[in-house]
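Below is a set of questions and answers for a reader new to this structure. Each answer works towards the value or name asked for.

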Amino acid sequence: MRIAIGGISHESSTFSAVPTTLEDFAQRALAEGPALIEQYAGTRTCPGGFIDAARDFDFTVVPTLVASAVPGEPVTAEATIELTRRLCEGLRWALDEGPLDGVLLALHGAMVSELDDDGERYILHRVREVVGPELPIVVTLDLHGNISQEMVDLVSAAVAYDEYPHTDTWQRGYEAGLLMARIVRGGVRPASALVKIPLLAGLQRQYTHAEPMLGIKHLARDLENESGILNVSYLPGFPWADIPITGFSVIVAAEGDRLQAQRAASRLAQEIWNRREQFVVQPVPVDEAVRRAMAAKEGPVVLADIGDNPGGGAPADGTVLLEALLRLGAKRAALAPIRDPEVVEAARAAGEGAVITVDLGGKTDDRHGRPLQVTARVVRLTEGRFTHTGPMSTGMTVDLGPTAVLELRGQRDGCVLVVVTTHRYQPTDLGIFRSQGIEPTAQQILAVKSSVHFRAAFGPIACEIIEVDTPGITNPRLDPAAYRKLPRPIYPFDRDLEWRIDL
């Protein structure tokens, strides 16, 4: 049993001003052939799950290409064509070496390309041209996927992450590998149903360890335990993609019974719709959030800069929260990251211990705050590399590029440590601070540019978490006027919408 493995993954924001080129994939993750196995074996990732499933279920993996980039603008045509070409070349090579029994792909579900609003559809069409219409293809998907019927029709089964933060990527890769073994050896024939719900879900309320998603997750697991059901996936979607398929999706695969899959998907979809009001986010104003954090008797208090989340395509150089921390006199505070290669270069030229005056942040666009003129002491300089040891992407190496830690003095003897990086990074691991000589548990305030993923690593050490109403392209206060392609009517833009699906 020979199974090809690979994948191309990107979460694309049509509101982002940060390009997504081939170089961006190369900077974050791009591995081909044997290097794919070397990079992902032993990691808690989807490809790592594929590899471990092959070991446990006794099949041979044939590596092709795995590529991913930090969320940003829709992927350029050049990058889409080149990466898909290399993935397909790997598949052709695998077929030249002998028969293939299936393909396992780690996709995202919210990739938009200059070539196609539905990036996964584009990739899967090219893959089908190589392997034919009958070969089993099982894909993993991010919980934030915006799903089309055509994408579902192109695969044998889709397995989406259950958790947000995405602490179960390895488990879903392993599950996909098990399902592939059942299809090839056991004769299982998945029949899938997709239900689209006219709901634009705020990202913070997609957190799966609290309501409304916690109850949805439990119902999905109950449905999955029913005889004949192979997988139940719930995908709240990625709201910052102005495309016709954006919104909440439910995918259910049953063993040869599409009607059973449809009934289960409809039941879960109706429950999601019944909870629609709970998906609206009400973040805390910036100054109020900072004052609450400063007044807390214990720390650390985590301030989530949700408007400038690079994990949603934002530039990670927003300054609004930092300005408030300095103006209000926050002490024992640390913020990560601000991406500003110019400032990093100035810090490296001056050296550790030097005092520099620079314009920090606010250089990508005018939606995340203006550059701050600051005088700062260069506390530490590093190459910006560390390995994830927390619950997300465990074992994967992060490359922030050359990095500087700056000490900024604020009002009333306030002090803020800022991690300034060359590359964008969403803080999903405590290593973003510890690798730079900052112990997060020793801080009163930790400010992180993230919507939800930070909770996996920072939740266990936080005395309180505050979602801050910072401006930016990932702010959850969505503007209906900004959308042109989004299907309407949709909640919460159309609050009087009545929707019901026949069970």
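Q: What is the handedness of the crossing of α10 and α11?
A: In this predicted model, the crossing of α10 and α11 is right-handed.
The residues that meet are Val286, Asp287 and Val290 in α10 and Val320, Leu321, Ala324, Leu325 and Arg327 in α11. They divide into 6 nonpolar, no polar and 2 charged. The handedness asked for is right-handed.

Q: At what angle do the axes of α10 and α11 cross, and how is α10 placed relative to α11?
A: The axes of α10 (residues 286-295) and α11 (residues 320-327) come within 10 Å and cross at roughly 50°. That angle makes α10, relative to α11, oblique.

Q: Which residues of α7 meet α3?
A: Helix α3 (residues 46-57) and α7 pack at an angle of about 45°, their axes 7 Å apart. That makes α3 oblique to α7. On the α3 side, the contact is made by Cys46, Gly48, Gly49, Phe50, Asp52, Ala53, Asp56 and Phe57. On the α7 side they meet Thr169, Trp170, Gly173, Tyr174, Ala176, Gly177, Leu178, Ala181 and Arg185.

Q: How many residues of the contact of α3 with α7 are nonpolar?
A: The contact also holds 5 polar and 3 charged residues. The nonpolar count is 9.

Q: How far apart are the end C-alpha atoms of helix α8?
A: Helix α8 has 12 residues, 213-224. At 1.5 Å a residue, counted over one less than the number of residues, the helix should span 16 Å. The model agrees with this, as the end C-alpha atoms are apart by 16 Å.

Q: Which elements are included in what covers the buried residues of α8?
A: The buried residues of α8 are Met213, Gly215, Ile216, Lys217, Leu219, Ala220, Leu223 and Glu224. Their cover includes α7 (169-186), β8 (229-235), β9 (248-255) and α9 (258-274).

Q: Is Asp58 buried or exposed?
A: Asp58 lies in the loop between α3 and β3 (60-68). Its phi is near 60°, a positive value in a residue other than glycine. Most residues other than glycine have a negative phi. With a relative accessibility of 61%, against a cut-off of over 50%, Asp58 counts as exposed.

Q: What is the relative accessibility of Ser393?
A: Ser393, in the loop between β14 (385-387) and β15 (397-399), has a positive phi of about 50° although it is not a glycine. Ser393 counts as partly exposed, because its relative accessibility is 26%.

Q: Where is Pro337 found?
A: A cis peptide bond joins Ala336 and Pro337, with omega about -20°. Most peptide bonds are trans. Pro337 is found in strand β11 (residues 333-339).

Note on methods:
Residues numbered from 1 in each chain as written. Predicted model: local features only at pLDDT ≥ 70, side-chain atom pairs only at ≥ 80, totals over all residues. Heavy atoms only, no water. Helix = DSSP H or I, 4+ residues; strand = E, 2+ residues; numbered from the N terminus. Buried < 20%, exposed > 50% of the residue type's maximum accessible area, 1.4 Å probe, protein only. Contact = heavy atoms within 4.5 Å. Axes fitted to C-alpha atoms, helices over the stretch in contact; angles between N-to-C directions. Parallel < 35°, antiparallel > 145°, perpendicular 65-115°, else oblique. Nonpolar A, V, L, I, M, F, W, Y, C, P; charged D, E, K, R; others polar. Left-handed = near helix turned anticlockwise from the far one by under 90°.
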